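Biologist: I have just opened this one and would like a slow tour. Could you show it to me before we start?

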Amino acid sequence: MEKANKNWLCLTTVLLLAACFAVSCEKFTNGANAETVNPYYISGSRENREQFRELFNLLKTEKDSAQNEFAVVREIAASYARLRDYGRLIHFLNERIINDSADIYNGYYLLMIAYAYMQLDSNPIAARYFDLIVKNYPDLMVNDESIHLVCLKQLIGFNGSPEQQIWYYQELINKFPDKIDLGPAYFMLGQACEQIGDWNGAIQAYTQYLPYTGTIIPGFPNADQYAKQQVDFSKSPKDWTFESLGALLRAMENSMDTGNFRQLARCQAKVNFFARSWEQGETDDFGMADFNLGDFMRGNRIRYATSLDASSNATEAYLRTWGWSQYISTWYLYFRKIYFPSDPEIHGRWEWAGIYYGEKF
């Protein structure tokens, strides 16, 4: 609330300065009648100027009807927008907000100002107006559309801080669940939570996303798989992990040397384990429910390279092995460093995460 008040005081100062600037831009007659239309706001072609005079004169007659007055103000602002005269649009609406801070339509006027700044390629300023509306002004339905919903949709499109994005997504989900696509909202909320280290919040968001799998999320083609992996891993015992890659390799090499498929199976990740050919995508994994290492090790001598594949790095590693099957003898065992900051004891350990069938190409 304190932050919102500071934002309001800051913006009020800006509005006052803008209004003063608008007045100073024109020459006014000293002691002019208060009912005289401010000549600064009469602009454009002869036809446009005549239209503005009529609208401003009409505005004086609608003081007793808030709705009628609002309709005239909208038309004046829309006329400036059609002329791309965004400076006058901004000054006109700013002046109204300053002169009548209790006007129930001020939230909408601020929305029009925000759009004007967007047309002027001033998105950071527009974002401050959108944020001010949702945090300091009551919601308002105009043409059957919530101005808060409009603002929130705009705000999530800007590159705000993760903390801001979390608040915006939570507002959208809690207040407008029937007006938005909940799948992307939950997934992007999870992403934002990850950025600030709120791993519990991220897992909760991904869990809520899972019923919406199949949703297309721009920039995240594997969103379904990623969310499922995060949720499944968070719920698992994680008792197959190793402190280091070296420890994992020693355990696996010993199992292959002795033909102990049960011991080898204990090294295998119990969630998110995959087995695929090199040509297959991440969503085309072979089913692992009935995967039995004993079927491939009995009667076979499994051999392995004396060093990791050259494509290995600090977070992923590949070991070439062969002798598994007469159909596909060569398997590349895939190891990865675990990224799971929510549990410091697991984060940074290693797991045997999958198998690639056949030779690399």
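Modeller: Before we turn to the sheet, one term is needed: two strands pair if DSSP finds at least two bridges between them. Please also keep in mind that this is a predicted model.

Biologist: Fine, so in what order do the strands of the open sheet come?

Modeller: The order is 3-7-6-5-4, which makes an open sheet of five strands, and the pairing in this sheet is mixed. At the edges are strand 3 (274-277) and strand 4 (303-304), each of which pairs on one side only.

Biologist: And which helix packs on the sheet?

Modeller: That is helix 12, residues 245-258, which touches strand 4, strand 5, strand 6 and strand 7 (350-357), and whose direction makes about 150° with that of strand 6.

Biologist: Strand 3 and strand 7, parallel or antiparallel?

Modeller: Strand 3 and strand 7 are paired in the parallel sense, over four bridges, and within strand 7 it is Ile-355 that stands opposite Ala-275.

Biologist: How many bridges join strand 6 to strand 7, then?

Modeller: There are seven bridges between strand 6 and strand 7, and these two strands run antiparallel; Tyr-334, for example, stands opposite Gly-354 in strand 7. Strand 5 (residues 316-322) and strand 6 (residues 331-337) also run antiparallel, joined by six bridges, and Leu-319 has Leu-333 in strand 6 as its bridge partner.

Biologist: Is strand 7 mostly covered or exposed?

Modeller: Strand 7 is mostly covered, with eight of its eight residues buried.

Biologist: Switching to helices: at what angle do helix 4 and helix 5 pack?

Modeller: Helix 4 (residues 86-99) packs with helix 5 (residues 106-119) at an angle of about 160°, and their axes are 9 Å apart. Because angles over 145 degrees count as roughly antiparallel, helix 4 is roughly antiparallel to helix 5. The crossing of helix 4 past helix 5 is left-handed.

Biologist: What residues meet there?

Modeller: From helix 4 they include Leu-89, Ile-90 and Arg-96, and from helix 5 they include Tyr-109, Met-112 and Gln-119. The residues of this contact divide into 11 nonpolar, three polar and one charged.

Biologist: Last one: why does Tyr-80 count as buried?

Modeller: Tyr-80, which lies in helix 3 (residues 66-82), counts as buried because its relative accessibility is 0%. Leaving aside neighbours within four places in sequence, Tyr-80 is in contact with several residues, among them Tyr-41, Phe-52, Arg-88 and Phe-92. Tyr-41 and Tyr-80 are 39 residues apart in sequence, and their C-alpha to C-alpha separation in space is 9.3 Å.

Definitions and conventions. Residues are numbered from 1 along each chain as its sequence is written. This is a predicted model: local features need pLDDT of at least 70, side-chain atom pairs count only at pLDDT 80 or more; totals for chains, interfaces and linings use all residues. Side-chain values use heavy atoms; hydrogens and water are left out. Axes are lines fitted to C-alpha atoms, for helices over the stretch in contact, and angles run from 0 to 180 degrees between N-to-C directions. Angles under 35 degrees count as roughly parallel, over 145 as roughly antiparallel, 65 to 115 as roughly perpendicular and the rest as oblique. A crossing is left-handed if the near helix is turned anticlockwise from the far one by less than a right angle, and right-handed if clockwise. Contact means heavy atoms within 4.5 Å. Ala, Val, Leu, Ile, Met, Phe, Trp, Tyr, Cys and Pro count as nonpolar, Asp, Glu, Lys and Arg as charged, and the others, Gly among them, as polar. Buried means under 20% relative accessible area, exposed over 50%, partly exposed in between (1.4 Å probe, protein chains only).
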